[in-house]
Structure formats: structure tokens, C-alpha cells
Amino acid sequence: MSYSDKENINILCAVLLGHGVSHAVVCPGSRNAPIVHNFNECPPMNCYPVTDERSAGFFALGMAEQLGEPVAVCVTSGTALLDLAPAVAEARHRHLPLIVISADRPMAHIGQQMGQTIDQPGALSRWTLADVNLVEPHDELTRWHCNRMANEALLAARRGGPVHINVPYDEPLFNFTVPELPNERIISRLPAHVNIDNLASHLAPAIHAERPMLVIGQMPQDCVPDEVIKKLSPCFAVLVEALGANGGGAPYDEVLPLVETNADFKPDCVIYMGGTLVSKRLKAYLRQLEGVPMIEVSEDGEIHDTFGHLSQVVTCHPTDALQALVKLVEGVKAAKPFAQRWNHALDKAKRYFDALRPDFSQMLAVKLALQSVQESELPYILHFANSQPVRLANLFSRRHVRCNRGVNGIEGTVSAAAGCAAVIGDHVLCVTGDLSFFYDQNALWNKNLGGNLRILLLNNGGGGIFAGLKGLEASPARDNMIAGGHATHAQGCCDQHGVEYRAAHGSEDLYKGISWLVQDGSDRPRLLEVVTTVERDRRVWQQAIESLTI
Ligand SMILES: Cc1ncc(C[n+]2csc(CCOP(=O)(O)OP(=O)(O)O)c2C)c(N)n1
Ligand SMILES: [Mg+2]
């Protein structure tokens, strides 16, 4: 084994390994070649080559989400770094530990027409938790500085979010002559002990309220198990979407229009925790409630006044808060009628969607796919794209769903699912709309893909979500310009990348296609393209919602 002769690279590698980082997505380039060379030489480091940096960022994000560990993504100098911006923004809003490592040229070359040179330090600082520039050390002080900054960045990533480590160095780049990595100091940070009784005392006002509501936003898998919801439901109306709960949540966005003018459903205290909510309607409903105390559980103590009436922030991890709430509920003798009313309505809506038999449409495709996953012997993780797929998940999923919901981008869904699939033996089902899929088709241009990645492509020829925006139908620009209407299909790109492909144009193809998609038996990814139209999807959706009663 021999490493680069660049001291800053070797210090960084030693510190990364010391902090337990063992997964690195590596992108091509000559400036970052010595870093990639080093990673490849370090036995504990698993390297995943991905060419398109935009996809690489989301691939790393999907890995970090699955592993619950920081994952590095290493890029060359210039625009390669900027191509990571969408994934870095998503990681920031989802609190996912992404370590961006960019190779750089000496500062003196910036703006001097030297090629592939931009001002890199701090280029993504609007979204990163730490930004460090590891200039080449030349004495003990600069070596200490380099070590300390690398440690700072990695500790910041463990707080939950992206960090940027910029590494400038001069040529020659390819001297691989150092036999060992340096023995570097590793700084650790230990968590403070959490006192559940103390937390319970902060959250007690909710339990004394007559009509307490618990709203849970996006949460990592396994943070909100079914037992917790069951234990809380005698006291709280628990509103959680498929992105939050292990059991997939409940379709409260559809229940809300049926109850929002009924005072019996109005909460008198709201506790909110987790990330973003898909439901715009709930946000609007809670925003117009006056005088209702609202308590946010926020891991880092930051304020998210999502409903406009935040009265208190409790700083702790949501799972600790849930534990404290369960303890409080255990001490309550009688169930609260408000909670029963809400939870009954939510259960009824769930049963309605479970029993629904929609016509051929993206809705039928999602329902069948989820049913098939539920019945499958294979363990499955679900990744849904933004726009209508994630909304369909909220109607039909009875298990946790992942989604790039931090910033709601339509890019990077397939890449994130692929990253997850690369670090897990389980199968991953990625459900995506057509614009999301074609945007991210370079996710398939990836050597790390195997047979555990399955993609359900809902191709309705454009952004179907725009057909539901009231007033937009008056614009002649809607279909072609605003909704990105197109006639593209996925067979070509699947063939090109060795992805097994089938299409479904009607119910019969769909039933067969879904069972082919979900079953075992391939070492290549599979993709089922369900071909519908925006109008069909909209009609089926409307019919389904209109018949819901509670
Ligand atoms: C990067 C990015 N560009 C544009 C948008 C705006 N946008 C939101 S949903 C959507 C349409 C998505 O279409 P598709 O993936 O086909 O899903 P459908 O609406 O048909 O279900 C667009 C363009 C976005 N969220 N992110
Ligand atoms: Mg579409």
C-alpha cells in the first residue's frame, strides 16, 4: 500500500477513518485523483464510483440515510463541486450527514484563467454545517490546524447535516510514495444524558389539554413504531404521514376537508415534531387556529414556526419526546373523546383506501405495488419521488416511505434509492413520476447497481400535479411549458444501462408487470413503466377522493 505524498490529503484520510467513515462516493477527475487513490488504498473505505456529480450527491445521501452514518462524496475542482448543491441542500433540510470533499487548486490560481478553477472554499456554505479549507501544511502549527479543521467538520456532520471539506494542493499530483497514513488525533464528542422525567414535565401541558393533537413530520425509519402510535392514541389525535411512521401513517389530508369546519375536531393544544409535512392543507388549517398553544420538539433547538403560533420549543430528539409522551399517557385513566373521534376517522379513511379498486391509472399502479410489497417475502424499503407519487404513498402505504422532502426537488430520487440499495441486502422499490425519472436518468449510469433496485415509473407524459392546480387550466402554457409535457419513454435508457424493462399500458399488463417487478430473481435492476395520461390519472384520483366519507 502506498499513499499520496500530499500531507493534507493523508491527514484528512486518517481523520475520516478515525471518525469511522467507511463509505465514499467518488467522482472522476485528475485533481481529486490523489484523494480517490488514497480512499481506494484504505481497506476500511468502501468506494463507489459515480460519474455525474448531481447523481453522486443523492446516491451518497441515500447511503447516509440508510446507514445512519456520514458518507463522503469526493469531487474534482470547478463546477463538479457546484453540481452537488441540490443534494447538499436536501441533506441540510433532512439533517443527513453528507461529507463533501472537493479537490482544489492553489488559491493563487483563482480568476487567472487557469482552467477548472473557481472560488471553492465556502461555495456551498448556505447549506453546510461546517466549511473547512485544508491548505497544505508546512510546519507543526499548520499540521495541527489541518487536523483540527478536519475533526471539526466531521463532528459537525455527526450533528446531522452536510459539511464541506475543500482540499487545495499543487502539482505534481501523482506521487504515491508514502507508505503509511499519519497517526492523527481524533476528537470525540459525547452526548449528554437525556432525562425522560424532565422532558415529560415540559410536555405535560399537552396531556392536561382536552383536545391535544400530535403532528409528526418526516422522520427516519424506525423512529415512530406502531406501538408508540397505539399507546398515544387514547390521548392524542395522532397525525402522521407515510414519511414519518413505520406503519405508514394515515391519509389525514383527505380527512381534513370533511372535518375542518367541525369544532369537535379542533385541537386545543398541538405538539409538532419531525421534518416537513406533505399536507399543505394541515398547515393551512393549523395556521388559522387562534390561541391554540403549539409546542415544537426540535432536536437542535432551532425554531420552525410551521403553523404560525409556536409558543414553546422543547430541545430534544423526537424519539425521546415520544418516550416521554408515552410515559405521560400511561398515567391517564380515561381516553379523550377528541382523540377517539380523530383516530376513528383516520382509521376509517385508511380502510376506505385499502378497499378501493381504482381503474387503470398511476393510482392503481401504486396501490398494487404497495400491496405486492406488503405480501412479498422479500424485505423492501420504499423510496417515493415528489409530486403525486409521495401523495399516493400517503393514501396507500402501510409502511414507512422515504422521499427527498427536505427541499421537494424532483431530481435525485432514483439516485438516492440506488445509494440505499448499494449498501443494503434488502430490496428497494423506487416509485417515481416521469419528470423526476428522466431528470435523474443518470442514476442508471452507475456501476454499483444490482438486482435489489426496482423502479416503478409512473409515466403520464408530464407533471400531472399541475392539472390539479385550480385556475391554471386557464393558461394555454400549462401542459406544454409549465407541466413539461413530453412523449419520452424509458426503454432506450434502460437498454443502454442493462436495466430490465417492461411496460404496462392497461390493467392486465399492470397486474403481471407488478408481480414481475416485485418478485426475486435478477441480478440487474428492473423497471416497470406504467403508461397513463394526466387526464386519466386526475379523473381516477378525483373519483377516489369524492367518495370518501368518515
Ligand atoms: C428540481 C425541481 N424542478 C422543478 C420542480 C417543480 N415541480 C414540482 S412537481 C413537478 C412535476 C413532476 O412531474 P412527474 O415527476 O411526472 O410527477 P407527476 O406530477 O406527473 O406525478 C415539477 C416540475 C421541482 N420540485 N424540483
Ligand atoms: Mg408525470
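**Cavities in a predicted model**

**View 1. The largest cavity has a volume of about 60 Å³.** This model is predicted: local features need pLDDT of at least 70, side-chain atom pairs count only at pLDDT 80 or more, and totals for chains, interfaces and linings use all residues. Residues are numbered from 1 along each chain as its sequence is written, chains are lettered from A and ligands numbered from 1 in written order, and side-chain values use heavy atoms, without hydrogens and water. A cavity is a set of points, on a 1 Å grid over the protein atoms alone, where a 1.4 Å probe fits but cannot get out. Points join across faces, edges and corners, and the volume is the space filled by probe spheres set on them. The structure holds 2 cavities of 30 Å³ or more.

**View 2. Val270, Tyr272, Met294, Ile295, Glu296, His304, Asp305, Thr306, Phe307 and Leu310 line the largest cavity.** Strands S9 (269-273) and S10 (294-298) are the elements that give two or more residues to this lining. S10 gives the most, with 3 residues. Lining residues have an atom within 4 Å of a point. Strands (E, at least two residues) and helices (H or I, at least four) are DSSP runs, numbered from the N terminus.

**View 3. The second largest cavity holds about 30 Å³ of space.** Its lining is His383, Phe384, Arg402, Cys403, Asn404, Gly412, Thr413 and Ala416. Strand S12 (380-384), strand S13 (401-403) and helix H15 (413-422) each supply at least two of the lining residues.

Technical notes
1 Å grid on protein atoms, 1.4 Å probe; cavity = no way out; pocket = protein on both sides within 12 Å on 5 of 7 lines; lining within 4 Å.
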